[in-house]
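Subject: Handing over the model

Hi there,

Here is the structure I promised to pass on. Please have it open while you read, as my notes follow below.

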Amino acid sequence: MQKPVYLDNNATTPLDPRALEAMMPFLTGQFGNASSSQHVFGWLADEAVSVARWQLATLINAFSEEIYFTSGATESVNLAIKGVAEAYQTKGRHMVCLETEHRAVLDTHEYLKHKGWEVTLVPVKRNGMVNLEALEASLRPDTVLVSAMLANNETGVIQPVAEIARICTAADVLFLCDASQAAGKMLLNVKEAGIPLLALSAHKMYGPKGIGALYLSRRNPRVSLIPQQHGGGHESGKRSGTLNVPGIAGFGKAAEIASQELEAEAIRLEGLRNSFEARLLAALPGLKINGMGAARMPHVSNLMFPGISGAELMTKMPMLAVAAGSACSAADETPSHVLKAMGLSEAEIKSSLRFSFGRFNTADEMEFAALTVIGACGLLTTSAIRNI
Ligand SMILES: *Cc1c(COP(=O)(O)O)cnc(C)c1O
């Protein structure tokens, strides 16, 4: 019997068994508090945190002291945006972000607007890539921060973040990069790219849920940030709260695995994704790839099936776990703001589905997925014809 195939790796990735193994000691015998500096239980926990911090830093070419653990990318971007807002408000009260950012970034800006901040949303081109001229034109003397993601969660479109960083540096504006969907899946060097703030999430890179990190550059520039959570002064005072040692150990291991495997894995997934797309394009006339022509992550296919409802298509292929519309939060029923920003009509958005592949998808599963999609489209088009 065919088991359901998980093709929603951009919503969350399965935990790599090797990351689970790295977590187990800290869920059992080595339960110490990493802040307990008086005894061996604390030392063992603290040692695990140091190793993980180094593993994360290595993944993005930062220094260990520049990594701050949080509960996930949502918290990281909240801390970054609100923390920078408070620290730099004497410079001005204006921020910039892309229209296609994750809700975590958009909603935090919305919150700041209620606090009297001005926010400029920068449009993207039809292929989903930022309009750099518009970005440059949006910067003002009172702009304190630009937020732009590295890879889009819905389309996989990769933004030219080194170029964005260059524009921000020239204008003396800080830049936050939400790298949740790209970290561990493509080479990422914050120093070379000139990125001063970067958000990460473990459960998007085969680590556990509920753990993330914020990278803050210490030099050129040294980023100041007002903490948003107060308590025991953990994480150099930037983020208080007893450290989630098992989560951190799993996150670190996930980063180490990714550092070693990401290049080969990207090539494998790109091959599988390309043949998946080629098969569908050959079988389904009119099929469109959202984000075509842009640099895209090698494991994402956001497809538009003209004349077919994505929601209905999903009901015809219950063995495939895929995502419709705005995917990340089930609470949100509104059509994708990302596809809308790319100029798709409401009907085109409703006809779009996201397939996101991952480390544990096999060539057989991808073959099954392609056949299943083609079969389901056939069912819907024949019933549509019958209804005429
Ligand atoms: C998943 C995701 C987030 C939120 O991360 P959590 O760790 O789940 O809070 C933020 N930004 C992007 C681009 C994401 O894909």
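Some ground rules before the rest. This is a predicted model, where local features need pLDDT of at least 70 and side-chain atom pairs count only at pLDDT 80 or more, while totals for chains, interfaces and linings use all residues. Residues are numbered from 1 along each chain as its sequence is written, and side-chain values use heavy atoms, with hydrogens and water left out.

(Two strands pair if DSSP finds at least two bridges between them.) The pair sits in an open sheet of 4 strands, ordered E9-E10-E13-E12, with antiparallel pairing. E9 (288-289) and E12 (323-324) are at the edges with a single partner strand each, so one side of each has no neighbour in the sheet.

E13 itself is largely enclosed by the rest of the structure, because 5 of its 5 residues are buried. Buried means under 20% relative accessible area, exposed over 50%, and partly exposed in between, using a 1.4 Å probe and protein chains only. Both faces of E13 are covered: Ser 352, Arg 354 and Ser 356 are buried on one side, and Leu 353 and Phe 355 on the other.

Helix H8 lies across E9, E10 (300-304) and E13, and runs at about 15° to E10. For angles like this one, axes are lines fitted to C-alpha atoms, for helices over the stretch in contact, and values run from 0 to 180 degrees between N-to-C directions. Contact means heavy atoms within 4.5 Å.

**The sheet of 7 strands**

The other open sheet I want to show you has 7 strands in the order E2-E8-E7-E6-E5-E3-E4, with mixed pairing. Its edges are E2 (67-70) and E4 (118-122), each with a single partner strand, so one side of each is left without a neighbour in the sheet. From one strand to the next, the twist averages 20°.

What is the sense of pairing on each side of E7? With E6 (residues 174-178) the pairing is parallel, over 3 bridges, and Asp 178 has Ala 199 as its bridge partner in E7. With E8 (residues 212-216), E7 runs antiparallel, joined by 5 bridges, and Leu 197 is partnered by Leu 216 in E8. E7 (residues 197-201) is also largely enclosed by the rest of the structure, because 5 of its 5 residues are buried. Leu 197, Ala 199 and Ser 201 cover one side, with Leu 198 and Leu 200 on the other.

Further along, E3 (residues 94-98) and E5 (residues 143-149) pair in the parallel sense over 4 bridges, with Ser 147 in E5 as the bridge partner of Cys 97. Helix H6 (residues 161-170) packs on the sheet and touches E5 and E6, its direction making about 160° with that of E6. Helix H3 lies across E2, E3, E5, E6, E7 and E8, running at about 160° to E7.

**H3 against H4**

H3 (residues 73-88) and H4 (residues 103-114) pack at an angle of about 30°, their axes 9 Å apart. That makes H3 roughly parallel to H4, a label for angles under 35 degrees. Residues meeting here include Val 77 and Ile 81 in H3 and Val 105 and Leu 112 in H4.

**Backbone points to check**

The peptide bond from Asn 220 to Pro 221 is cis, with omega near 0°, and Pro 221 is in the loop between E8 and H8 (245-283). Tyr 206, in the loop between E7 and E8, has a positive phi of about 70° although it is not a glycine; Tyr 206 is buried, with a relative accessible area of 5%. Ser 236 has a positive phi too, near 55°, but Ser 236 is exposed at 58% relative accessible area.

Best wishes

How values were computed
Helix = DSSP H or I, 4+ residues; strand = E, 2+ residues; numbered from the N terminus. Parallel < 35°, antiparallel > 145°, perpendicular 65-115°, else oblique.
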